[in-house]
Amino acid sequence: MLEASTLSLILDGISWILISIGSLFLVVGGIGLLRLPDVYARLHAAGITDTMGASMMVLGLAFQADSVLVVIKLLLILVFMLFTSPTSTHAVAKAAQSSRIRPMTGPTGGESSKS
Amino acid sequence: MTRAALLFVVLFVVWLLLSGHYTPLITGLGVASCALVAWIAHRMEVIDRESHPLHLGPYFLLYLPWLLWEIIKANIAVARLIIHPRLPISPRIITVAASQQSILGQVIYANSITLTPGTVSLAVEDGKIDVHAIDEAAALGLETGEMDRRVSMIDSRHVGAGK
């Protein structure tokens, strides 16, 4: 038997956790975008913001929605993002290949972290 | 014609979920516009098994939780690489086999690879996918071929159920 106030406290807590995790991954994605050496490696950082960052934010918001319809709309946004983001990522990768940008290979630990 | 009817049902369900206004007039307009769209799509002959792959639904729903779990694990792995002080990445290009028979299956596989952080599909051709992997672990994870096998399972439903 949960009282309404307890329930809303639990929902707030879940939102709080999910949005914090989402924010953390968004920040890490941003750091990765700056730290990683070339366009191909940076796509992986963009992938973090697209998947984990966005999903956790949307899920966190879903627990704050006041009706089922809003939850469904938020989940639809998530579904569309999960369908479209690989397509745009692939477009960037393909464009980079077409402009003959050669991907860096091999271990790079050390030098690129200074900047 | 059955596919057009199915398209209408799908459109109308989405309309119901997004609308939130259920007066007779508004709902009637919703029905009319969904029917119009289904009819136009039917006339344009753009409704086929590839554009409207409803038959994959159940198998796709089985695949999705596995994919989401892989994405979470990969996210944590790549996030660790990024915040590691020495940035211990070791990017490489690998080629993996895409054993799916249909184009749709290969697209699902390539998109799954890209969606998983640490691996990005660069090019798909002749049943092979060039993948940019951020380190050895990401490359090895893909080379086990488990994702390929799982997508092939969805794909066999697409090909096997007849054209």
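Okay, so first a definition: the expected span of a helix is 1.5 Å times one less than its number of residues. Helices here are DSSP runs of H or I with at least four residues, strands are runs of E with at least two, and both are numbered from the N terminus.

A quick word on what we're looking at. This is a predicted model, where local features need pLDDT of at least 70, side-chain atom pairs count only at pLDDT 80 or more, and totals for chains, interfaces and linings use all residues. Residues are numbered from 1 along each chain as its sequence is written, and chains are lettered from A and ligands numbered from 1 in the order in which they are written.

Buried means 20 or more other C-beta atoms within 10 Å of the residue's own, exposed means 12 or fewer, and partly exposed is in between, with C-beta atoms placed from the backbone. Just after the helix, Arg100(A) takes a positive phi of about 55°.

Now helix 2 of chain A, residues 39–62. With 24 residues at 1.5 Å each, the helix should span 34 Å, and its end C-alpha atoms are 33 Å apart, so that agrees. It bends by about 30° at Gly53(A), and it's mostly covered, with 19 of its 24 residues buried.

So where do the chains meet? In contact means C-beta atoms, placed from the backbone, within 7 Å. By that rule, 33 residues of chain A are in contact with 30 of chain B. On chain A's side, helix 1 (4–35), helix 2 and helix 3 (68–98) each give two or more residues.

Last stop: the largest nonpolar core, with 42 residues. A nonpolar core is a set of buried Ala, Val, Leu, Ile, Met, Phe, Trp, Tyr and Cys residues joined through C-beta atoms within 7 Å. Ile48(A) and Tyr109(B) are among the residues touching the most other members. Helix 2 of chain A gives the most to this core, with eleven residues.

Note on methods: The bend at a residue is the angle between axes fitted to the seven residues ending there and the seven starting there. Two residues are in contact if their C-beta atoms, placed from the backbone, lie within 7 Å.
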